[in-house]
There are 2 protein chains.
Amino acid sequence: MSKSSNTKRAILNLAEALMQDKGFNGFSYAHIASELGVKNAAIHYHFPSKEALGGAVVQRYRDRFQLWVNNPSVKDLPPVKKLEWFFGIYSDMRADKGKVCLAGSLETEFNVIPESLRAQTKALTNELLSWLAATLEEGRRAGVFHFTGDPTRKASLILSSLQGGLQLARALGTDMFHAVVEQHKQDLLV
Amino acid sequence: MSKSSNTKRAILNLAEALMQDKGFNGFSYAHIASELGVKNAAIHYHFPSKEALGGAVVQRYRDRFQLWVNNPSVKDLPPVKKLEWFFGIYSDMRADKGKVCLAGSLETEFNVIPESLRAQTKALTNELLSWLAATLEEGRRAGVFHFTGDPTRKASLILSSLQGGLQLARALGTDMFHAVVEQHKQDLLV
DNA sequence: GTCTATAGGGGGATAGAC
DNA sequence: GTCTATCCCCCTATAGAC
């Protein structure tokens, strides 16, 4: 039972890392198996199909984000600190072997992944965007963020640039990603 | 000879569309062959390997962009119109079956494509960013664009958000992409 | 829970006829 | 230039032993 949980969690961890590194269609059961020192079939025992494995990865990713934003250590932060925390998530991905955002990876592969994963991708993206829009609105009302128009519109700009920035950094280097973050701070806080 | 050119060009066109739709590792020679009504081997005659095909697609894409920006019909445009033209390229991709930017697609697959394609991706991204930065600087000097900091920094924000915006739109709809563009116009022109 | 063994399909690529 | 035929590899997935 505890051994089961360990393997299952290890598979999830590796699958998540691989999806952010190579994409859903860019890794195989063999990658995970060899890394974990088990055989192909062992993975199928825990996750009957690759589609199920991918779905579990995204579901856990979503749950983790909701857990974070509902935790007082984030929820009670002032808007500026909340945003810095959010930017930090993406900076950490970049620092962690040049990973990209899971949502961005799945959106790029949108037309070559199973329908259930597309649905998971939509849900994840919605949740990221909703939280960001709410945070921007909160900050503008508090007078610390400055932007015009609908908060959701500004949120879509920021979210898309963080996604795209992590990708851009693969071609042009980490500085490119930090430039995106710094420019947002300039634009919002001035 | 003319028949050769026709087939070769048709392969390039289809491969480019497929890379923007499904990614480099998301399409196969079989896709192209069946669509064109030829056999697998015919494609290998024109492009010895998939790597060569992908490289030719990106090279043509780069050449086309350089041709555009050096043409008087774009080169002589005022900065605001230049930027609108650039945004229009991405809007057209979105309208064309939800394609994403070729650079973004390749960056997401960066760790699962051949080295020669990675080099092509870097070159393409550099060229897009350089042109955008120069245009932003030109507009700021002319007093029509308003932003603070290095033009390349602002350019990296805009480019990454266009890339990411096309991807976001796959999950949340076309409005999400237009929101990104509109927000940029607000931010720059106010 | 994990193994061996294998099925069954799709992928890129090549040889040689036409 | 395009075809048929085929090779070989990697993939996901399953059956049944341990």
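1. The contact between the chains. In this predicted model, chain B contributes 45 residues to the contact and chain A contributes 45 residues. On the side of chain B that touches chain A, at least two residues each are supplied by helix 1 (2–22), helix 7 (102–108), helix 8 (115–141), helix 9 and helix 10 (174–189) of chain B. Helix 9 of chain B gives the largest share of that side, 15 residues. Sorted by class, the side of chain B that touches chain A holds 22 polar, 13 nonpolar and 10 charged residues.

2. Relation of the two copies.

3. Helix 9 of chain B. This helix covers residues 151–172, and its 22 residues, at 1.5 Å a residue, should span 32 Å; the end C-alpha atoms lie 30 Å apart, which agrees. Of the 22 residues of helix 9 of chain B, 20 are buried, so the helix is largely enclosed by the rest of the structure. Just after helix 9 of chain B comes B:Gly173, which takes a positive phi of about 100°.

4. A:Ser160 and its partners across the contact. A:Ser160 is placed in helix 9 (residues 151–172) of chain A. A:Ser160 counts as buried because it has 28 C-beta neighbours inside 10 Å, the threshold being 20 or more. With neighbours within four places in sequence left aside, A:Ser160 is in contact with B:Ser161, B:Gly164, B:Gly165, B:Leu168 and B:Val180. Between A:Ser160 and A:Glu182, 22 residues apart along the chain, the C-alpha separation is 15 Å.

5. A:Gln186. This residue is found in helix 10 (residues 174–189) of chain A. A:Gln186 has 15 C-beta neighbours inside 10 Å and so counts as partly exposed. Residues up to four places away in sequence not being counted, A:Gln186 touches B:Thr148 and B:Gly149. A:Gln186 and A:Phe145 are 10 Å apart in space, C-alpha to C-alpha, and 41 residues apart in sequence.

6. The nonpolar core. The largest nonpolar core comprises 93 residues, and those with the most contacts inside it are A:Leu132, A:Leu159, B:Leu132 and B:Leu159. Apart from neighbours within four places in sequence, B:Leu132 is in contact with B:Phe86, B:Ala155, B:Ile158 and B:Leu159.

7. The surface near DNA strand C. Helix 3 of chain A provides the largest share, four residues. By class, the surface near DNA strand C divides into nine nonpolar, seven polar and four charged residues.

8. B:Gln59. Helix 4 of chain B contains B:Gln59. With 14 C-beta neighbours inside 10 Å, B:Gln59 counts as partly exposed. The C-alpha atoms of B:Gln59 and B:Leu117 are separated by 9.8 Å, the two residues being 58 residues apart along the chain.

9. Backbone geometry at Lys97. A:Lys97 has a phi near 60°, a positive value in a residue other than glycine. In chain B, B:Lys97 likewise has a positive phi of about 60° although it is not a glycine. A:Lys97 is placed in the loop between helix 6 (79–95) and helix 7 (102–108) of chain A, and B:Lys97 in the loop between helix 6 (79–95) and helix 7 of chain B. Is A:Lys97 buried or exposed? A:Lys97 is exposed, with 10 other C-beta atoms within 10 Å; B:Lys97 is also exposed, with 10 other C-beta atoms within 10 Å.

Terms used. Residues numbered from 1 in each chain as written. Chains lettered and ligands numbered in written order. Predicted model: local features only at pLDDT ≥ 70, side-chain atom pairs only at ≥ 80, totals over all residues. Nonpolar A, V, L, I, M, F, W, Y, C, P; charged D, E, K, R; others polar. Expected span 1.5 Å × (residues − 1). Buried ≥ 20, exposed ≤ 12 C-beta atoms within 10 Å, placed from the backbone. Core = buried A, V, L, I, M, F, W, Y, C linked by C-beta atoms within 7 Å. Contact = placed C-beta atoms within 7 Å.
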